[in-house]
Amino acid sequence: MAMTDFEFHQLVDEIFQTIDNAIEVLIEEQDADVDVDGSGNVLQLEFDGTSKIVINKQEPLHEIWLATQFGGYHFGYVDGKWMDERNGNEFMPFLIESIYKQSGLKLDL
């Protein structure tokens with residue numbers, strides 16, 4: 001059965017909230033310089049004012065798009081997980097790795 005737009009937004013909003021909460025802990029515990037800007041369908045993470053990671057909700061496709069310094073990635077919901085069908089990466093572990101590569105910060109999700 002196909003996911004509804006409501007279900008899609010609910011799932012992605014939970015992910016955005018989880019990321020935001022984890023960044024807040026990172027800022028508190030490691031005095032990290034991270035700016036979080038969530039507006040509409042976009043969540044932007046900026047590290048030390050020098051590099052960004054942008055996470056987009058793509059409602060028409062029911063995908064999460066992730067833009068890093070190293071490229072753009074598209075994650076679809078498959079069997080209860082957000083997966084990039086091109087390279088087999090799961091969203092959260094890939095996001096954690098991308099944040100570490102760009103900022104040296106270890107996000108705990």
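Which residues do ring pairs link into a cluster? I looked this up in a predicted model. Ring pairs join Tyr73, Phe75, Phe91 and Phe94 into a cluster.

**Entry 1: aromatic pairs.** I searched the whole structure and found five aromatic pairs. I began with Tyr73 and Phe94. Their ring centres are 4.6 Å apart and their planes stand at 65°, so I noted the pair as edge-to-face; the cut-off for that label is over 60 degrees. I then checked where the two residues sit. Tyr73 belongs to strand S5 (residues 71-78) and Phe94 to helix H2 (residues 91-103), so this pair ties together parts 21 residues apart in sequence.

**Entry 2: burial of that pair.** I looked up the accessibility of both residues. Tyr73 has 13% relative accessibility and counts as buried. Phe94 is also buried, at a relative accessible area of 10%.

Entry 3: Phe75 lies in strand S5 and Phe94 in helix H2, so the pair ties together parts that are 19 residues apart in sequence. For Phe75 I read a relative accessible area of 0%, which is buried.

**Entry 4: charges over rings.** I turned to lysines placed over aromatic rings. The charged end of Lys57 sits over the ring of Phe16, 5.8 Å from the ring's centre. I also noted Lys101, which lies over the face of Phe70 at 5.6 Å from the ring centre.

How values were computed: Residues are numbered from 1 along each chain as its sequence is written. This is a predicted model: local features need pLDDT of at least 70, side-chain atom pairs count only at pLDDT 80 or more; totals for chains, interfaces and linings use all residues. Side-chain values use heavy atoms; hydrogens and water are left out. Rings of Phe, Tyr and Trp (its six-membered ring) pair if their centres lie within 6.5 Å; planes under 30 degrees apart count as stacked, over 60 as edge-to-face and the rest as tilted. Helices (H or I, at least four residues) and strands (E, at least two) are DSSP runs, numbered from the N terminus. Buried means under 20% relative accessible area, exposed over 50%, partly exposed in between (1.4 Å probe, protein chains only). A charge sits over a ring if NZ of Lys or CZ of Arg is within 6 Å of the ring centre and within 35 degrees of the ring normal.
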